[in-house]
Amino acid sequence: MSITPVFLKTDLLIWLLVAAVLWYVLHARRHPHLLAPWIKVRRNGIAMACAMVLATYAAIGLLDSLHFRVTMQPVAPAAQAAGRAPPTGKAQLSVEVKSVLDVLIGVTLGQMAGKSEKTYSAPLATHSFAKETVERADGTQAREFPRLTSGGAHLKDTADAGADIAKRSVAGLAGGFVLWSLACLGLCLLIGRGKQPLRAWRGLWREPAYAPWRPVLITLLIICLLAALAVTLGSRYHLFGTDKVGQDVLTLSLKSIRTGLLIGTLTTMVMLPFAVLAGLAAGYFKGWVDDVIVYVYTTLSSIPSVLLIAAAVLITQVYIDTHADDFQTTLERADFRLLALCIILGVTSWTGLCRLLRGEALKLRELDYIQAAQAFGVARLRILSRHMLPNVMHLVTISAVMDFSGMVLAEAVLSYVGVGVDPTMNSFGTMINAARFEISREPVVWWLLAAAFFFMLALVLAANLFADAVQEAFDPRRVMRRPRPRLMEPKRA
Amino acid sequence: MTAYLLRRIGYGLLVLIGVNLITFWLFFKVNTPDDIARIQLGGKRITADAITKWKAERGYDKPLLYNSAAQGAAKFTNTIYFEKSAAMFALNFGQSDDGRDIWYEIRTRAGPSLAIQVPVFIVGLALYVSFALLLALFRGTRFDLASQILLVVMMSISGLFYIIGGQFLFSKVWRLVPVSGYDGVMDGFRFLVLPVMIGLIAGIAGSTRLYRTIFIEEVGKDYVRTARAKGMGELAVMFRHVLKNGMIPILTGVVVVIPTLFMGSLLTESFFGIPGLGSYTIEAIQAQDFGIVRSMVFIGTVLYVIGLIATDISYTLVDPRVRIE
């Protein structure tokens, strides 16, 4: 058995984004003026706690962006001995593409992961949600709630479920605390450079002025406790129940995180180059360049965005249907649609930033240092990249961070309308969509909605609070208000 | 002023032509009528005859932009662009896939949309402005902090949950109002209460936060300090000065929304079964009825452009400096 990595288009883009962020971090470390606003963000306790939450989500999403296929047919032993693995004969590729997260979920949750029941079951239940005709030991038939195939299957008597759950919860909480303590110990050793970890700990807990560690550590504790609970309880019960076809809702929620993150980040990444270039060019060159760019973004922003997205997604769907041969697996098809959705969302959302940057460029070009550069005969492109761009980067950063949460929320709405991600793709939108009719059932199937609600709320709330802090640090003077949309832009700012 | 207005209207028309061309390009050039016919008829094993027939029935069998077979002006008028896209300027939207006149549907469905949107807009504006002013009055206190936290949390919840949660609590658990339906404004009042209420709650976070920053910005200005120096009380300052001046950006900012109220709300109408333009759009998207989607894109753009022109007019009324521009 050997493993073939699979690179989906969105995987490549997301890792490109990670590389870009890493480059920015390294770049900013060497430039105090770039670092200064981030140091301000670091002093904000709430922002750091939110960053911790966001980092956890990002880690899950990135693990889910490493895809591979398992080769079924074993490689010829002779070739293996030679240290090479040439494909003698046809290697049978498994159709199922897995991600590292799938493997991780499979290891920690065991047989609970993925589809393991027939239909709905409540969180931590041992019996199915729907009655079935069961044959008793004495040969008679009865309508009753059957035992679940995997949820609570280790119990001999289901009456012990309560005690077992309590025992596992305590074990989970204790395990989480141990995990957290180890993490803290590691941190203290790192900060104290291996000496006097206790003193380092006292320093951390007392909140030095440069970085409020306490909220971060408390957030980390909560995350550790929840993760450990998910392992101890989730490996024997369905922690969030199962959905209509018997899939574990915890698995679904974890798999949905990637989609939300991708929509939030890739959309911004797709639109940024266009928005920045067009906005700066319009403001700096003025004249006909300005007229054309303003006309293009006014026209695009005049179309109601949901309708433009709907139109474009319908068209993409038609393209996918007519070019079915270009996509080998359903995953590739869903991935293409996700990428198309990101691009379309980018097209509808770039106008705001573009308008903002144009106004800023109009102001900047009259400033002395730009005038001086012009007088010295610096090439215009160089003025744009060297003198204008660095001075609008704070606006770009703010808007990228602020747009994120809106995109995550938009995905859910679009999936409901039917123009979001592919129905086969895990996302919060498809989860809500699948569950919305079940609320009128008796008894209510609430756990799908509840899981989507909490996973989404934690992500979006953290993103919103973090964005507020970033905005405050980067631009404390001005309230970030997009300039009002207008039919004809004023020529002078 | 007249010249100024005419310039805006002219530019508005230019934008509409642009949108018209974009939708034409999306619906007829990126995807040819053949592709759409294949999807509509379903499956891959469609004969060429069936596609030709489908296109002929709907008038999609003509050249896109230029008809070389026709005579005189018909070279341009007897084309898909002229009949399907340019005709929208004359409010001729053609028929939907189930054979109904789209313009008639739009006219009859605008009423129910307004029955939800107008109360949400008017009550919402009053509610959000009062709440924001209250927060500005108590700025820096615990009440302000607690409200702000509440607003951020509310902002982070998807609109879908407000609707689903509202329907669950008010209709299913407490049985106060029917789950969904519509029966005119007077007779069907009980149908409208919940959607309007949910619309108000879902919109509270974004607007109140924005208005609060506008008021707080206003509080920091010199004229407020002068008013205080004269010995005016905090309440008098807030209501007589800050409220009045803060309302200028708020009112001119919402003008753009007024015409688009006709379009209705996609989610609310679809969940509550209100036969408005929002649910019309959703149904068209789900049925892949390209004719209706095209028409709604056009109507939506027209309303938005009207809103932009109205905003410009409102600015010239409020701020005389704009007129000189």
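So, let's start with helix H15 of chain A: its buried residues pack against helix H9 (249–285), helix H14 (380–417) and helix H16 (447–474) of chain A, together with helix H8 (159–173) of chain B. Keep in mind that this is a predicted model, where local features need pLDDT of at least 70 and side-chain atom pairs count only at pLDDT 80 or more, while totals for chains, interfaces and linings use all residues. Residues are numbered from 1 along each chain as its sequence is written, and chains are lettered from A and ligands numbered from 1 in the order in which they are written.

A few terms. Helices (H or I, at least four residues) and strands (E, at least two) are DSSP runs, numbered from the N terminus. Buried means 20 or more other C-beta atoms within 10 Å of a residue's own; 12 or fewer is exposed, in between is partly exposed, and the C-beta atoms are placed from the backbone.

Back to H15(A), residues 428–435. Seven of its eight residues are buried, so the helix is largely enclosed by the rest of the structure. Which ones are buried? Phe428(A), Gly429(A), Thr430(A), Met431(A), Ile432(A), Asn433(A) and Ala435(A).

Zooming out, chain A has 16 helices and five strands. Its C-alpha trace spans about 100 × 65 × 65 Å along the principal axes, and buried residues make up 41% of its 493 residues.

Now, where the chains touch: 44 residues come from chain A and 50 residues from chain B, with a contact being two C-beta atoms, placed from the backbone, within 7 Å. On chain A's side, the elements giving two or more residues are helix H10 (287–302), helix H11 (305–322), H14 and H16. H11(A) gives the most, with eleven residues. By class, that side has 32 nonpolar, eight polar and four charged residues. Ala, Val, Leu, Ile, Met, Phe, Trp, Tyr, Cys and Pro count as nonpolar, Asp, Glu, Lys and Arg as charged, and the others, Gly among them, as polar.

Last stop, a helix pair in chain B. The axes of H7(B), residues 142–155, and H9(B), residues 189–219, come within 8 Å and cross at roughly 130 degrees; axes are lines fitted to C-alpha atoms, for helices over the stretch in contact, and angles run from 0 to 180 degrees between N-to-C directions. Who meets whom there? From H7(B) it's Leu151(B), Met154(B) and Met155(B), and from H9(B) it's Ile204(B), Ala205(B), Gly206(B), Thr208(B) and Arg209(B). That contact has five nonpolar, two polar and one charged residues.
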